[in-house]
Amino acid sequence: MSQPEILDSDIRAMQQWLRDAWQQLGDRSLTTFSRRELRNQMKQCSADLRERLQMVAEQQAGPLQQ
């Protein structure tokens, strides 16, 4: 797989994980601790997702700058 394909795959996986995590937050059986941990993981995943999206944006802008 090429670098853009890997980034695209990572982005899609993170987006799906975040969708699933949001649904999981609605589960009433989650303890306060579990809910907090899930939110922390969601924050980290969101930061990682933003980083990957920035990488894609830079790759797309790169050829235009030359």
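Glu5 sits in helix α1, where helices are DSSP runs of H or I with at least four residues, strands are E runs of at least two, and both are numbered from the N terminus. At 44% relative accessibility, Glu5 counts as partly exposed; the scale used here calls a residue buried under 20% relative accessible area, exposed over 50%, and partly exposed in between, with a 1.4 Å probe and protein chains only. Glu5 and Glu51 are 46 residues apart along the chain, and their C-alpha atoms are separated by 16 Å.

A word on the model itself. The structure is predicted, so local features need pLDDT of at least 70 and side-chain atom pairs count only at pLDDT 80 or more, while totals for chains, interfaces and linings use all residues. Residues are numbered from 1 along each chain as its sequence is written, and side-chain values use heavy atoms, with hydrogens and water left out.

The overall fold is quickly told: two helices and zero strands. Helix α1 covers residues 3-25, and its 23 residues should span 33 Å at 1.5 Å a residue; the end C-alpha atoms are 33 Å apart, so the two agree. The expected span is 1.5 Å times one less than the number of residues. Buried positions in α1 are Leu7, Ile11, Met14, Leu18, Ala21 and Leu25. As background, an α-helix has 3.6 residues a turn, so residues three or four places apart point the same way.

Between α1 and α2 comes a loop, and Gly26 is found there. Gly26 is exposed, with a relative accessible area of 59%. From Gly26 to Glu37 is eleven residues in sequence and 14 Å in space, C-alpha to C-alpha.

Helix α2 takes in residues 32-65, Arg39 among them. Arg39 counts as partly exposed because its relative accessibility is 39%. Arg39 and Val56 lie 17 residues apart in sequence and 26 Å apart in space, C-alpha to C-alpha. Gln59 also has its place in helix α2, and at 35% relative accessibility Gln59 counts as partly exposed. Leaving aside residues up to four places away in sequence, Gln59 touches Gln3, Pro4 and Leu7, a contact being heavy atoms within 4.5 Å. Gln59 and Ala13, 46 residues apart in sequence, are 20 Å apart in space, C-alpha to C-alpha.

Back to the chain as a whole. Of the contacts with a separation of 6 or more, 65% are between residues 24 or more positions apart. The C-alpha trace spans about 55 × 20 × 15 Å along its principal axes. The radius of gyration is 16 Å, whereas a compact globule of 66 residues would have one near 11 Å; the radius is taken over C-alpha atoms, and the globule rule is 2.2 Å times the number of residues to the power 0.38.

As for charge, the chain carries 9 positive and 9 negative side chains, with the centres of the two sets 12 Å apart. Lys and Arg count as positive and Asp and Glu as negative, leaving out His and the chain ends; each charge is placed at NZ of Lys, CZ of Arg, CG of Asp or CD of Glu.
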